[in-house]
Amino acid sequence: MFEKQVLFCFFHIIFLTVIPTSHEFICRKDYDNNCSSVLCGETANAHYLICLPAKVSKYIYFRQNIEYNYRIEYSLYKYLKVECYGSAPYKFAMFSELDVAEIDYLIFVMCPLPNINFKDLFHGLTVKKLIFERRTRGSVFVSLFKDLTSLESLNLSWNEISFLPEGIFQNLINIKSLQISNNQFKTVPEDIFQPLSNLENLDLGSNKLARLPKYLFSNLSKLKRLYLYNNQLSFLPNDIFNNLNSLEVLELSGNHFTELPENIFSGLPKLRRLGLANNEFKTLPAGFFRENSALEELKLSGNPSFKHFPDGLLERLINLKNLSINDCNITRINVSFFSQVSSLVEIKMRNNRLTYLPIGTFQNNSNLRNLQMMFNDLISLPIGLFEKQFNLIKLNLFKNDIQKLEPGIFDMLMSVQEINLGYNYIKYINETVFKMLKNLKTLILTGNQITTLEKYNYLDNVINLKIIDLSKNNLTTFPDVSMVAATNVTLINLKYNHISHLEIPLLASYDVRIFLQGNQIRTVSVSNTQRCYKNNITLSSSVEHISGSRVFFLQKNLFQCDCCMLDFADHLTNSFHDCDFTANFHGSNELVCSGPPKLAKKPITSILRAEFTCVVENNCPTLCSCFLRASDNKVIVNCSGLYEDKLPLLFPENTSVLHFENNSLTSLSELSSEVHQTLTELYLDNNLISSIENWNFPPKLEVMSLRENYLNEFSIDMIKKVDKLSNFAFRLGNNPWNCDCQTVEFKSWLIEHLQNITDIDDIYCFAPITLNGTLKKIPLVEMPDNVLCPNNDWSQKNTLITVIIICVVLALLLLTISVLYYRNKQTVIAYFYVHFFEVFPSFFTLDELEENKLYDAFISYCSSDSDVAVNILKELETKEPYFKLCVHDRDWLAGNAISSNIIYSIQNSKRIILILSKDFVESAWFHIEFHAAHYQTLEDKVNRLIIVVTHNLPPKDSLDKDLQYLLSTKTYLLWKERWFWEKLRYAMPHRTSVQTIKNKRFYSNQSPSLILKTGRNSIEKYNDNRKKIKQNTFVSGRSESKNSEESTKKAQMLQTSI
């Protein structure tokens, strides 16, 4: 036995050595003289030769990816492929130099037709399969396939062939497959296929054939597959298929047939597949396929002129399994149409106009497995329609008009695995509709109007369910889908519903994806998803049986990041360190808040826990904000920045935290109120508190902040009160603390309570302390005691006493001077005005000169301008800041001399508003009022006159000289110009505080004699002041201008008139 094995190995080695078992591809550099260079290489499965064009080196080719002339690729015993881009390597025995062995098929791509026949081209190489496609435009010649008798398969597709010469295939006597699809020829010679008696597959599809000769296929008795799709055929001879006894597949789709001879398919007893789709048939006669009992697949789709089918159309098709009647505009199906074909496995009726299917339509189709009726107009499904479909696997009713599913409609679909009811008008689903579908795996209900599924477990028995699609409905809550039983669910689609609150459900399925994008979810509850432990004890056992990966997709929702969302945020940020979770959330960083406004557009994971709050409205103080902080469950009241001087006396129940910063609080005597007893934190920063003596702290107070107030000492009694509070936190920084001997005890207390004073480094002495000869500001707790309270030193005490005495004497002297000043204020002002006029403005302000004047302004106008005066009066007296004005028709006493009224009003007004118009300038009283106001201005040396120009004035040369001078040197106001009121208010006296002015007539409560005396005094005072002005002018040696001389003359005239 051993000798036989040795002998066998010896002969095997001799065989391998002597007889070559493979051919090595020889890439010759001199293969083609037309190549500037030849590039050789290999891939994982093949060798290749690349011919580069002239003037292109292989280095340029690699760097610039230049197209080559041609590429020859060879895979041992498999294929030989030639790709042409510039030229083709056609020559006699073109592959002999490359040492190519036998191959399965030969491919030419983008190559022109050879100028020699294929037999000479392939000399020395046996080719059985030839593919010649995507060549450049040209024509074929008869001798192209001469003596190529070994060829069994020829593919000339995609070559733009427009003409086939007669006899071109006469030498292909052994060919079995001929593909000449996707060309341009319109007809073929009648005898062109006669020599091809062994042909089994013929593809003439996608050409421009308009007619076929009657005997074109007469010698093709072995033909099994004939493809004539996508041509322009509208007629076929009656006997054209008579001799095709072996034909199994006939494809006539995509032509222009309106009718066919009644017996055209009678000679095709073995026909299994027939395509008549996408033609123009209006009807087909009954019994049209009666001789084709072997038919298994029939395509009638895409004939839009069909309205219905005759009852006997499918007669005798006992083997028919697949029927397609899509896109045919069918409006009705007779109850017996499908009953003739009990063998049907698949029916496709997509995109028709069916509105109703009668009971019994499928009564004999118990073998049906796939029923497609999408894109129809079905309104309802009658009970019993599917009573015989025990083997149905897929039912597609997508995009119909179904409004209701009757109970029991699907009870007999015991094998169904997929039901598609998407985009109908279903609003309600009875709880028994899907009860019997134990094998259901996919349920699609998208695009309906379902509002709720929470009242019953409508999928109790559907234990194999994997996919449920309820997207684009009107659901407002997460549906109860009996997830405890549905252990195989892998996908739940609830996108684009109206769910506002999501409570993560208990899911029994181990691996499931739940899509909830595009809802209106505001809050998410995760209480069902966590199992927490403490000391190895499970705190929540309701989810012990649930495990696995459950992923929720919640993007594009309206999350309200309030106190209800804290647990969900903690879940997203893994804040529960002692808990396991049964739900995960995909893209947690993409979940953003929609509200409240301060948190809008922020990722939930970026929000601090303390920011999750809810507004509390009950008993919330006016102008304050009240909210519940979820992180510690505390009610917080924020009354900061309101400038209030008292604490609110009304709070929400159980208020724990009060923020009262930036107000005007001076005392906390209200802290003893009952409403403050629940406070645990009190923030009073930046108020006006200067003392905390006699305060009663709320019993539960834990934190108190008094930063940036006016505290300067902390008494022993206060220290004792604070010591009684446990775990108390105090903030006392940035107050003006006094540093003296009494501060030593306060410092000691601070050091003892470092853990309670959270801002210890901000507590300083108000005045810098001299330490080692240098002024320093250091924290109080770091201040040496001997600096706070130096030893007794009489020299220092004497100095201190002396300083105190001097300060007291100066204070008394200052007090005496102040009393004398305010008792003789007018005399002092007059004395300084006359004797020290140069320094007078440095000591006395305009307000002091005007403080005794009764009116803010006197309005001088004529009756034609009364509307302007009324508007000015209304604007300045009724809007803040309020002014007190004098007008003659309201504030002058009837019977008194007009001149007295004028002088009195001018002298007792801080401003004179002169409303200039043409009528007023030409009136008699204008000169009196204007010159009185003008000279009062000169006397007081204060710009009191406000000129308002209302209409066009007379020519400037005709105006009073003083008025000309004022209009050319002073800025006046134009009535109704832009910013008029703002400019007018700015010109008025400026008040230091806002107060309401009550306008009273200055003659009220005065006797007539007193009124007359007042008028005379005013005139006399006016004359005395005018004389004083002239005397002052003369004494100072100043020369009056021309305008001043004219003004004096007019003053004399005014005096004479008065």
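## Salt bridges

A salt bridge is defined here as a side-chain nitrogen of Lys or Arg lying within 4 Å of a carboxyl oxygen of Asp or Glu. Under that criterion, Arg 28, Asp 30, Lys 91 and Glu 97 are connected in a network of salt bridges, and the count for the structure is 26 salt bridges. The structure is a predicted model, in which local features need pLDDT of at least 70 and side-chain atom pairs count only at pLDDT 80 or more, while totals for chains, interfaces and linings use all residues. Residues are numbered from 1 along each chain as its sequence is written, and side-chain values use heavy atoms, with hydrogens and water left out.

Burial is described by relative accessible area: under 20% is buried, over 50% is exposed, and values in between are partly exposed (1.4 Å probe, protein chains only). Helices (H or I, at least four residues) and strands (E, at least two) are DSSP runs numbered from the N terminus. Lys 747 is bridged to Asp 785, with 2.9 Å between the closest N and O atoms. This pair links distant parts of the chain, 38 residues apart: Lys 747 belongs to helix 6 (residues 743–752) and Asp 785 to helix 7 (residues 785–788). Lys 747 is buried because its relative accessible area is 9%, whereas Asp 785, at 39%, is partly exposed.

## Nonpolar core

A nonpolar core is a set of buried Ala, Val, Leu, Ile, Met, Phe, Trp, Tyr and Cys residues joined through side-chain atoms within 4.5 Å. The largest such core contains 169 residues, and those with the most contacts inside it are Phe 169, Phe 193, Phe 217, Phe 265 and Phe 410. Elements that each supply at least two residues of this core include strand 2 (47–52), strand 3 (70–75), strand 23 (511–515) and helix 4 (566–572). Helix 4 provides the largest share, four residues. In soluble globular proteins, nonpolar side chains tend to be buried together.

## Surface patches

Patches consist of residues with over 30% relative accessible area and no salt bridge; like charges are joined within 9 Å, and nonpolar side chains (Val, Leu, Ile, Met, Phe, Trp, Tyr) within 5 Å. Accessible areas come from the Shrake-Rupley method with a 1.4 Å probe, and for residues only the protein chains shown count as cover. A nonpolar patch on the surface is formed by Leu 800, Ile 804, Val 808, Leu 812, Leu 815 and Val 819, which together have about 550 Å² of accessible area. Leu 800 lies in helix 8 (residues 794–823) and is exposed, at 52% relative accessibility.

The place of a charge is taken as NZ of Lys, CZ of Arg, CG of Asp or CD of Glu. Lys 176, Lys 222, Lys 224 and Lys 270 gather in a surface patch of positive charge. Lys 222 is located in the loop between strand 9 (201–203) and strand 10 (225–227), and is partly exposed at 41% relative accessibility.

## Backbone geometry

Most residues other than glycine have a negative phi, and most peptide bonds are trans. The peptide bond joining Gly 595 and Pro 596 is cis, with omega about -5 degrees; Pro 596 is in the loop between strand 31 (593–595) and strand 32 (613–615). A cis bond also runs from Glu 880 to Pro 881, with omega near -10 degrees. Pro 881 sits in the loop between helix 12 (866–878) and strand 42 (885–886).

Met 110, although not a glycine, has a positive phi of about 60 degrees. Met 110 lies in the loop between strand 5 and helix 3 and is partly exposed, at 36%. Lys 976, likewise not a glycine, has a positive phi of about 70 degrees. Lys 976 occupies the loop between strand 45 (973–974) and helix 18 (980–987), and is exposed at 68% relative accessibility.

Conventions: Lys, Arg positive; Asp, Glu negative; His and termini not counted.
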